[in-house]
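We will go stop by stop.

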Amino acid sequence: MNHHGSLILTGDRGIFITGRSGSGKTGLALALLRHCVAHGHFGRLVADDQVFLFARNGRLIGRAPAAISGLVEARGFGPALLDYEPTAVIDLLVELVPAQAAPRYQEIATTLLENVEVPTVRLAEHNTDGAIWAIAAHLSLPPFGPGVIKPSKSV
């Protein structure tokens with residue numbers, strides 16, 4: 001099923017970012033990729049704007065529609081080419097919400113997508129720096145150590 005959002009890989013972890021139009025999904029995805037590169041960690045786009053989701057072996061998988069594979073929206077320019085991976089297992093759903101709806105501290109909840117429970121955090125839209133640190137801590141990305149979510153199972 002087609003969902004509105006951005007999907008990236010950081011190391012072996014897939015992060016699916018959702019939120020209303022203009023909430024900063026693409027900006028957060030690109031900032032997370034920049035964060036990974038700055039810390040010598042693998043980071044790659046999977047899909048921007050539209051993500052096809054499907055379940056396989058109890059895991060949620062995402063991919064870009066063929067027409068937009070490898071494209072990311074560069075505001076003020078339009079679609080721009082970027083290195084990408086064709087698919088990713090989704091390990092974390094990031095819901096960008098208005099600041100007043102985002103808890104300051106939170107335990108990871110879950111969301112049911114395509115009949116798969118996906119760990120979910122709700123973060124304030126347009127707070128890219130804060131979101132990067134929260135996501136990095138949840139996924140044990142640099143500079144944080146072991147965290148809440150354990151490595152993915154293979155598909």
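Contact here means heavy atoms within 4.5 Å. Keep in mind that this is a predicted model.

**Stop 1: a buried threonine**

Select T10. T10 sits in strand 1. Its relative accessibility is 0%, so T10 counts as buried. Which residues does T10 touch, not counting residues up to four places away in sequence? They are I15, C36, H41, F42, G43, L139 and L141.

**Stop 2: a histidine in strand 1**

Now select H3, which is found in strand 1. Buried means under 20% relative accessible area. H3 has 19%, so H3 counts as buried. Leave aside its neighbours within four places in sequence, and H3 is in contact with F16, D49, Q50, V51, L53, L113 and E114. H3 and P79 are 76 residues apart in sequence, and their C-alpha atoms are 18 Å apart in space.

**Stop 3: the sheet**

Switch to a cartoon view. Strands of a sheet pair through backbone hydrogen bonds, either parallel or antiparallel.

Zoom in on strand 8 (residues 92-97) and strand 10 (residues 116-124). These two pair in the parallel sense over five bridges. Pick V94, and you will find V121 of strand 10 standing opposite.

**Stop 4: helix 1**

Check the length. At 1.5 Å a residue, the 14 residues of helix 1 should span 20 Å, and the end C-alpha atoms are 20 Å apart, which agrees.

Now colour the buried residues of helix 1: K25, T26, L28, A29, A31, L32, L33, H35 and C36. They pack against strand 1, strand 2, strand 3, strand 5 (71-74), strand 8 and helix 2. An α-helix has 3.6 residues a turn, so residues three or four places apart point the same way.

**Stop 5: helix 2**

Show both helices together. How do helix 1 and helix 2 cross? Their axes come within 10 Å and cross at roughly 60°. Helix 1 and helix 2 are therefore oblique to each other. The crossing is right-handed. Helix 1 brings G27, L28, A31, L32 and H35 to the contact, and helix 2 brings T128, A131, I132, W133, I135 and A136.

**Stop 6**

Most residues other than glycine have a negative phi, and most peptide bonds are trans. Now look for exceptions.

- Select N57, in the loop between strand 3 and strand 4 (59-63). Its phi is positive, near 50°. N57 counts as exposed, at 62% relative accessibility.
- Select H126, in the loop between strand 10 and helix 2. Phi of H126 is positive too, near 65°. H126 is exposed, with a relative accessible area of 59%.
- Select P143, in the segment after helix 2. The peptide bond from P142 to P143 is cis, with omega near 10°.

Notes:
Residues are numbered from 1 along each chain as its sequence is written. This is a predicted model: local features need pLDDT of at least 70, side-chain atom pairs count only at pLDDT 80 or more; totals for chains, interfaces and linings use all residues. Side-chain values use heavy atoms; hydrogens and water are left out. Two strands pair if DSSP finds at least two bridges between them. Helices (H or I, at least four residues) and strands (E, at least two) are DSSP runs, numbered from the N terminus. The expected span of a helix is 1.5 Å times one less than its number of residues. Buried means under 20% relative accessible area, exposed over 50%, partly exposed in between (1.4 Å probe, protein chains only). Axes are lines fitted to C-alpha atoms, for helices over the stretch in contact, and angles run from 0 to 180 degrees between N-to-C directions. Angles under 35 degrees count as roughly parallel, over 145 as roughly antiparallel, 65 to 115 as roughly perpendicular and the rest as oblique. A crossing is left-handed if the near helix is turned anticlockwise from the far one by less than a right angle, and right-handed if clockwise.
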